[in-house]
Amino acid sequence: MSRRTVAELSRSLAKGEFSSTELTRDYLARIRAHNALYNAYITVTEDLALAQAAAADARRARGEHGPLTGIPLAHKDIFCIQDVLTTCGSKMLANFVAPYNATVVERFNAAGTVTLGKTNMDEFAMGSSNETSYFGPVRNPWDPERVPGGSSGGSAAAVAADLCAMATGTDTGGSIRQPAAFCGITGFKPSYGRISRWGMIAFASSLDQAGPICKSAEDAALMMNVMAGPDSRDSTCVDSAAPNYMTSLNDPLKGLRIGVPKQHLAKGLGAEVEAALQAALKVFEGLGATVKEVDLPNNHLSVSAYYVIAPAEASANLSRFDGVRYGYRCANPANLEDMYKRSRSEGFGNEVKRRIMVGTYALSAGYYDAYYIKAQQIRRLIKQDFDKAFQEVDVIIGPTTPHTAFKVGEKNDDPVTMYLEDIYTIGVNLAGLPGISIPAGSAKAPNGKPLPIGIQLVGNDFAEARVLNIAHQFQQHTDWHLQRPEV
Amino acid sequence: MVWETVIGLEVHVQLATKSKLFSGSSTTFGAAPNTQAGVYDLAMPGTLPVLNEQALRMAVKFGLAVDAEIGRRSVFDRKNYFYPDLPKGYQVSQLQFPTVGKGSLQITLEDGSEKVIGITRAHLEEDAGKSLHEDFEGLSGIDLNRAGTALLEIVSEPELRSAKEAVAYLKKLHSIIRYLGISDGNMAQGSMRCDANVSVRKLGATEFGTRTEIKNINSFRFVEKAILHEAQRQIDIIEDGGRIIQETRLYDDDRDETRSMRSKEVANDYRYFPEPDLLPIVIDEAYIESVRAELPELSIAKRARFVSQYGLSDYDAGVLSSSREMADYFEEVVKICGDAKLSANWVTGDLQALLNKSDLEIEQSPVSTQRLGALIGRIKDQTISSKIAKTVFEALLGNTHSVDEIIESQGLKQVTDTGAIEQLVDEVIAANPEQVAQFRAGKDKVFAFFIGQAMKASKGKANPEQLNALLQQKLKA
């Protein structure tokens, strides 16, 4: 039963084919059997899960359930859950038990979902391979020699290996979409401001956005119905009520105008990924869509702008980890300065320290205009490029990543090569747009194992419902999203 | 050599909001350490700020009171530095786009002349917590109750030219924020804190000298003393051929001196950048007008009204409008007794003397407006004389008897019965034949002697006009 989509599980629970408690026990057993290999979970909250499952079964018995009541999920370890260890993948917070619930967690709890645990992630969400986690790398369920992507690698691997029915993720520069592509699942980053950030540990506040990681666009719509909506605790969360994302899933695609950025088909894109993209475009054309080329002339600047803005914000966001009130504190500090220096030197990993230094530099007197202000100008240009493209097309489709999942350790020596893996996803964050990665093909690794390929669908501001509709229609006519690794 | 002191003040005013600038935590002063710090104030991971609208309203109110430009789009910034009582490692403030822009304030100098002092800006920011260095045996304690409290930092132009002017400006500011009800302005409790930028230059010079900043001065008196001391220190250095170092100094009121805290030349780079967790505040005309409608009558307008409405002298009107509490007290008394001039005399005279003696503010007055009004009413209706009124005023202290009860029980009622006064006059004339002879010989001055004797005999209760008339009549007979 654990290999089904959320929509299927929801129907089965409704029919009484099995209880949430049985389903939860099944997932917990799978976690026990397989997590040692994949390292997808940092914390498994077995007692909490069983208590919530029992409560969900009672709710169903009383008829007070929603579609997600009793569905087991995993939260990325970036979301605060009251009284549960919340590490953000860092030694700095390896002992941190959150005193409150994130809005996203609160909303899933209210919907009656079952929390199986907290998933592994790149430290403070900084990474594209889940190798920067203090709790060790996550393994890709399609090929454990390979990375699952990052930073939401634990959530993606857990969904792909059926160690949960669905998971939450966060995406600052591609951290939901890239792991979804590498793991052959569906990952959706909504528009900036659509989901509250309250209780989500900040990496880069103007870019961070929560979203669903799951097995289908329909599942993503079910999750969005819980996650999206205004929150008075987050000033950057939009005030308008979220629509019901399920109602438009089956809208026809006839007349849909698809734009393919010419910059995405240029040098650097792997042949297998390009082939999968072209095949996917044929599917859309078969559904009545037209395809044309669009221009995103400043896309090549997105990685550079991102690696100024995100570290700049991070350098301030991570200042609170100072050893004073909670989290890691070095042993026997000689004085205040020694406590700061050693707590932060010992508590943060190399990638986090690298970005704090880059961000601090970019904000320093004498460099602020040349880096931070310039990067903000580029950010506006990138947004304008998208605005212009959306005057001509309804959705922009391209690859999610240039290549399929790489091997653990393969790109560790050169951070810039690793950063460039996010070339197709970063611009979407800078522009604040909704983007989904869905499985659209498969490549073969040298060891013969199949490796999933993802394509990315980007919509206009707050066009979440449309993006989910387009992705769902694709999945109604293809079966890439139904393929599972052998666990 | 004649030296001129140049002063600019940065005043931090703690706004009287119920909750903090960006969180719902209470702001009550004096609670047990760390009991008023919520998850945002503690900088728990994942927490976010939400602007307190009341604080914004107060800032705009202040801006309107000093005729300032209101920023139509103000932006919060992060000011980054590490300190244990700064939980987030940055302070949320406003750098480039403050809520309140250029404005001005009129102060009255000692010679009675007016001077307009420019206000550069006033911006909203959050307060830090407190580091406690005592009672922890070599360690430091942190109290985050104050962390996140709303502050309005009001920056003046360097247009103050003496310690006295600086104090006059500060007092005026104090009066305005209390008039507006946006802060209690209590300097001892830190709800109004003053940093002074001080430099000296030769009189007539156009360039400013190198300035020092004196931090956290916590009373009007210390502001004056600290500036006087610092200006003299700088003059001494320059006259000895030295050079002033731009630095931050701390005023030590025990020793009456300033001493160096840290040099600005190696100052922190605060790496300001726009706070991404908050949207820019957009203020439209309608909002400004709604705040303007709430503005109370301020001291300048009140002073003018006191002159025109009550016929007070400009001086009395100035004294009575110097604080909202004083003005309200005065008007309350007028309402009760119906005599503005007598009320003005009593409030600025006997009452003020009493308050000064007991070191009390008017809102702590031991004599309520009701009782002072009643007392003046009895002078007006001639139940008692002005002189006896002073006795009654004294008698009001330390009990809750009404004015009438005191007049009654102590037999202080004025004697207006002509027969009784006539008897007094006859007795005084009979007892002082020598003075009677002198008066009748043309020595008019002796008349005052008879008034005094008769008053004494009546224990001050005789109606002075009647007494006067009868004495005149009998002595000349």
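This is a predicted model: local features need pLDDT of at least 70, side-chain atom pairs count only at pLDDT 80 or more; totals for chains, interfaces and linings use all residues.
The buried residues of helix α5 of chain A are A:G153, A:G154, A:S155, A:A156, A:A157, A:A158, A:V159 and A:A160. Helix α5(A) runs over residues 153-160, and because eight of its eight residues are buried, the helix is largely enclosed by the rest of the structure. Backbone features were noted on either side of this helix. In the loop between β3 (114-119) and α5 of chain A, where A:S151 is placed, a cis peptide bond with an omega of about 5° joins A:G150 and A:S151. Just after α5(A), a positive phi of about 55° is taken by A:D162.

The buried set of α15(A) comprises A:E464, A:A465, A:V467, A:L468, A:N469, A:I470, A:A471, A:H472, A:Q473, A:F474 and A:Q475.

Packing between helices was then examined in each chain. Two packed helices are described by the angle between their axes and the distance between the axes. In chain A, the axes of helix α2 (residues 20-38) and helix α3 (residues 46-62) come within 8 Å and cross at roughly 160°. Since an angle over 145 degrees counts as roughly antiparallel, α2(A) and α3(A) are therefore roughly antiparallel to each other. The crossing in which α2(A) passes α3(A) is right-handed. To this contact α2(A) brings A:S20, A:T21, A:T24 and A:L28, while α3(A) brings A:E46, A:A49, A:L50, A:A53, A:A54, A:A56 and A:D57. By class, the residues of the contact of α2(A) with α3(A) comprise six nonpolar, three polar and two charged. The loop between α2 and β1 (41-44) of chain A holds A:N39, a residue that has a positive phi of about 60° although it is not a glycine. With 22 C-beta neighbours inside 10 Å, A:N39 counts as buried.

In chain B, helix α14 (residues 446-457) and helix α15 (residues 464-476) have axes that come within 11 Å and cross at roughly 125°. Helices α14(B) and α15(B) are therefore oblique to each other, and α14(B) passes α15(B) in a right-handed crossing. The residues that make this contact are B:F450, B:I451 and B:A454 on α14(B), together with B:L467, B:N468, B:L471 and B:L475 on α15(B). The contact of α14(B) with α15(B) has six nonpolar residues, one polar residue and no charged residues.

Two loop residues of chain B were also considered. The loop between β13 (257-263) and β14 (273-274) of chain B contains B:R271, for which phi is positive at about 45° although the residue is not a glycine. B:R271 has 24 C-beta neighbours inside 10 Å and therefore counts as buried. B:I283, by contrast, lies in the loop between β15 (281-282) and α4 (285-292) of chain B and, with 18 C-beta neighbours inside 10 Å, counts as partly exposed. When its neighbours within four places in sequence are left aside, B:I283 is in contact with B:V60, B:I70, B:G71, B:R72 and B:I288. Between B:I283 and B:D359, which are 76 residues apart in sequence, the C-alpha to C-alpha distance is 43 Å.

The contact between the two chains takes 33 residues from chain A and 26 residues from chain B. On the side of chain A that touches chain B, at least two residues each are supplied by α9 (302-317), α10 (336-347) and α11 (350-363) of chain A. The largest share of that side, three residues, comes from α9(A). By class, the residues of the side of chain A that touches chain B divide into 17 nonpolar, nine polar and seven charged.

Conventions
Residues are numbered from 1 along each chain as its sequence is written. Chains are lettered from A and ligands numbered from 1 in the order in which they are written. Two residues are in contact if their C-beta atoms, placed from the backbone, lie within 7 Å. Helices (H or I, at least four residues) and strands (E, at least two) are DSSP runs, numbered from the N terminus. Ala, Val, Leu, Ile, Met, Phe, Trp, Tyr, Cys and Pro count as nonpolar, Asp, Glu, Lys and Arg as charged, and the others, Gly among them, as polar. A residue is buried if 20 or more other C-beta atoms lie within 10 Å of its own, exposed if 12 or fewer, and partly exposed in between; C-beta atoms are placed from the backbone. Axes are lines fitted to C-alpha atoms, for helices over the stretch in contact, and angles run from 0 to 180 degrees between N-to-C directions. Angles under 35 degrees count as roughly parallel, over 145 as roughly antiparallel, 65 to 115 as roughly perpendicular and the rest as oblique. A crossing is left-handed if the near helix is turned anticlockwise from the far one by less than a right angle, and right-handed if clockwise.
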